[in-house]
Amino acid sequence: MMYRSHFIICLVLFMVFGSVASTESVQADSALHVTNDQRIKDNTVGKVNLTNESTMEVKDVQLLPGDNSALVTFTLSVTNRDGHDIDFKSYLVRLMSAAGEKFTVNLLQQDKVKNKIIPGQIQEFHFYAKVNQAAKLQDLVFKFVKLDFAAAGYEQEVGRLIVPQDYSFVTPAGAMRAFNIGSTPFHGKINRATLSYNDDYFLPLVSFELTHDGSQGAKLPDLGYYMRTRSGAMYSLQSSAFTAGSAIQPLTTKEGTLSGSIPREAGAEGWQLIITQSVSTGESGSSVQLPLAFFEVPDAAAEEVSIGHDYDFTTKTGTYTTQLTSLQRLPWEDEDILAANVIIKNKSNAALPIPDLLGAFRLDDAVNVEAKIVRMDKALTLQPGKELNIHFAGKIPYTDEFSSISLYLQEKESDNTIVDLLTFKHNKDLMNMAFVPARETKTLKDTGQSAAYTVRADQIFHSDTSDLYAVLMDVENLEKRFTLLRKQVAQFKAADGTVFPASITAPSDKVMPGGKALQYIWAMVPKGYKTEGMQLILGDEIPAVATNDKAKPRQEGYVNGVAFGIPEGNKVPQASFAGLAVYPYSITLSHIGTQANFIAGTVQLDFDYELSRNDLVAAEMRDHKLIVELTDELVDSGKELIVSQTFDFEGTDPAKSLLLGSHDATISYTNKDKIYKVKDFASYRLSVYHEFQGQKVLLAQKDLDWFIFAE
């Protein structure tokens with residue numbers, strides 16, 4: 001039923017409102033001068049006398065052009081100053097053109113029960129009539145007759161009225177207009193208007209206030225809001241503040257924004273805001289959309305809604321400037337994340353509180369997606385000349401398609417009503433992530449979290465069944481204080497679009513000013529997976545909420561996503577053991593030699609090493625190890641002697657840990673059966689591996705002679 005009623009209303013609006021009419025019939029006349037905040041209550045056309053004491057007055061005449069006809073509404077106010085009742089059924093009002101064309105006048109259903117006007121009473125009756133499409137108010141004639149069976153034709157003409165040439169029903173910019181919604185008195189006013197645009201549309205934002213002038217609380221009916229251009233075309237506006245059922249108390253004011261899209265071809269001058277209400281005609285299921293008030297929209301300079309442009313909004317705490325810097329669609333598990341980054345600026349001379357904002361996405365002007373607010377900064381107030389980043393995030397199925405997206409910047413008022421502050425319009429084709437080419441740096445400047453991100457290189461660690469793909473990223477602390485790394489979420493995106501969730505291994509301690517931290521970002525991929533063209537997707541973590549005390553918080557996603565090109569690391573093992581890099585460490589093996597005790601069945605590998613570390617780089621290296629391995633062929637076909645030891649970089653066992661500086665190390669292996677089966681003791685192969693998460697990559701490999709110290 002709801003969809004059917006909406007269809008009927010839209011059809012009526014299309015038939016009644018869509019045509020082009022003469023601008024003279026609706027433009028505010030220059031003869032009407034008002035000052036700001038002046039309230040226009042009644043626009044009087046004139047009065048006729050029913051008796052020497054009683055009158056009938058025509059006021060609030062409005063004309064709304066349509067495609068094939070126009071709609072005239074007016075109010076008839078009857079004042080009884082006689083000593084007896086006036087029977088309204090004894091009078092008729094007729095509407096005609098100056099040329100004599102007659103139009104049918106309809107009394108609103110709500111007024112049909114009003115029959116008697118008692119002495120001293122003023123009673124109002126509301127009418128509407130369809131007139132021809134070219135009609136102008138000044139061409140209309142109101143004729144009043146009284147039924148009199150003694151008169152010729154049983155009618156006696158009481159009087160006639162025509163609309164004055166200087167009559168205007170459009171509320172000038174800056175003025176307030178009094179009007180009724182049903183039987184409840186209100187007055188409304190446009191506070192301000194801002195105008196943005198994109199390639200195809202003007203995007204007006206009209207700040208409108210509505211004040212309840214009655215004595216009892218009321219709920220708004222389903223009102224219509226339209227922008228009428230100078231050519232006469234009308235476009236619907238939306239608002240979350242003035243929706244059907246919204247409560248408004250006596251003597252209180254509700255303020256909200258009206259927004260919409262108007263084709264650029266329509267022009268941006270001479271606009272009017274029209275408020276309408278659907279009323280029943282008395283016939284079954286039939287209704288008509290009647291105008292309640294017309295407002296001249298203040299001129300506003302057109303500004304394009306696009307990334308990087310400033311727009312102002314005002315709350316009870318002050319005026320802020322905002323800028324949409326990105327609006328992205330980010331991959332996340334079996335969903336996609338809609339993520340927007342908005343900068344809030346304080347251009348005033350006084351500190352402002354951080355605005356308590358809400359947000360929502362709307363897809364194709366049809367589907368609403370709730371947005372979660374994510375802040376990375378630590379600011380409590382917004383100082384003059386400063387700014388902060390606020391992220392908005394919502395989730396949709398990754399299979400969903402849409403062509404346009406809007407971000408509604410909102411504020412919750414004290415009564416928990418949601419007020420739209422700004423609406424950003426965007427196109428899905430502009431939602432790509434920022435891309436940082438390989439070896440270039442991305443700087444993030446959130447207050448208290450400023451840092452520069454650079455991908456050093458990639459690595460591939462191997463096992464028998466899978467590969468571990470890893471990226472080394474430097475994070476430089478740009479703050480003037482020791483700072484913790486921000487919590488982030490990482491993924492790898494392959495050239496064919498496949499996405500691999502990634503883990504981040506990073507130091508938990510604060511990073512010194514100007515210092516760097518190493519983020520080791522890694523994911524398991526199928527054995528032999530082609531990694532050419534792989535990109536790193538990195539974003540700020542949306543804070544997770546645990547479902548209970550024992551459950552590990554589940555990641556909710558990320559915002560502020562950036563795609564990094566990945567420089568390819570050196571995949572070819574070195575032929576020497578000098579300067580082997582396990583960043584931020586570097587190690588050199590030298591004076592390498594072997595000994596054997598054939599009686600005991602023992603082989604011993606001796607070497608010196610020099611280990612250095614970049615002290616300006618903080619890193620979590622407890623899962624990183626160095627494997628030194630000697631292998632040689634046995635007489636048994638396909639079998640090998642393996643002498644190996646795994647060393648920790650930051651271990652606690654001195655026998656198994658590498659120490660900074662120059663040291664020597666010994667690896668012993670005892671196994672008589674294998675020692676006696678070494679093929680010829682001519683040469684052996686020495687390999688050095690970097691191990692991480694149980695998988696390893698070969699750093700260097702060389703064949704050396706037994707029992708001779710080399711390197």
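Two strands pair if DSSP finds at least two bridges between them; helices (H or I, at least four residues) and strands (E, at least two) are DSSP runs, numbered from the N terminus. The model is predicted, so local features need pLDDT of at least 70 and side-chain atom pairs count only at pLDDT 80 or more, while totals for chains, interfaces and linings use all residues. Residues are numbered from 1 along each chain as its sequence is written, and side-chain values use heavy atoms, with hydrogens and water left out.

**Stop 1: strands 38 and 39**

Select residues 441-444, which are strand 38; this strand pairs with strand 39 in the antiparallel sense over four bridges. Thr-443 has Ala-452 in strand 39 as its bridge partner. The two strands form a hairpin with six residues between them, and Gly-448 in the turn has a positive phi of about 80°.

**Stop 2: aromatic pairs**

The whole structure holds 24 aromatic pairs, where rings of Phe, Tyr and Trp (its six-membered ring) pair if their centres lie within 6.5 Å, and planes under 30 degrees apart count as stacked, over 60 as edge-to-face and the rest as tilted. One of them is Phe-461 with Phe-692: the centres are 5.9 Å apart and the planes at 50°, so the pair is tilted. Phe-461 lies in strand 39 (residues 451-462) and Phe-692 in strand 53 (residues 683-692), so this pair ties together parts that are 231 residues apart in sequence. Both Phe-461 and Phe-692 are buried, a word that means under 20% relative accessible area, with exposed meaning over 50% and partly exposed in between (1.4 Å probe, protein chains only).

Next, select Tyr-684 and Trp-706. Their ring centres are 5.2 Å apart and their planes at 65°, so the pair is edge-to-face. Tyr-684 is in strand 53 and Trp-706 is in the segment after strand 54 (695-705), 22 residues apart. Tyr-684 counts as buried at 1% relative accessibility, and Trp-706 is buried too, with 4%.

**Stop 3: charges over rings**

A charge sits over a ring if NZ of Lys or CZ of Arg is within 6 Å of the ring centre and within 35 degrees of the ring normal. Select Lys-696: its charged end sits over the ring of Tyr-689, 4.3 Å from the centre. Then select Arg-613, which lies over the face of Tyr-585 at 5.2 Å from the ring centre.

**Stop 4**

Move to residues 170-171, which are strand 13. An open sheet of five strands runs in the order 13-24-23-18-19, with mixed pairing. Strand 13 and strand 19 (234-236) stand at the edges with a single partner strand each, so one side of each is left without a neighbour in the sheet. Strand 13 and strand 24 (residues 287-296) run parallel and are joined by two bridges. Thr-171 stands opposite Phe-295 in strand 24. Phe-295 also belongs to an aromatic cluster with Phe-179, Phe-208, Tyr-225 and Phe-242.

**Stop 5**

Select residues 176-181 for strand 14, which pairs with strand 15 (residues 184-197) in the antiparallel sense over five bridges. Arg-177 has Gly-188 in strand 15 as its bridge partner. Two residues lie between the strands of this hairpin, and Gly-182 takes a positive phi near 65°. Strand 15 also pairs with strand 16 (residues 201-212), in the antiparallel sense over 11 bridges. There, Lys-189 has Glu-209 in strand 16 as its bridge partner.
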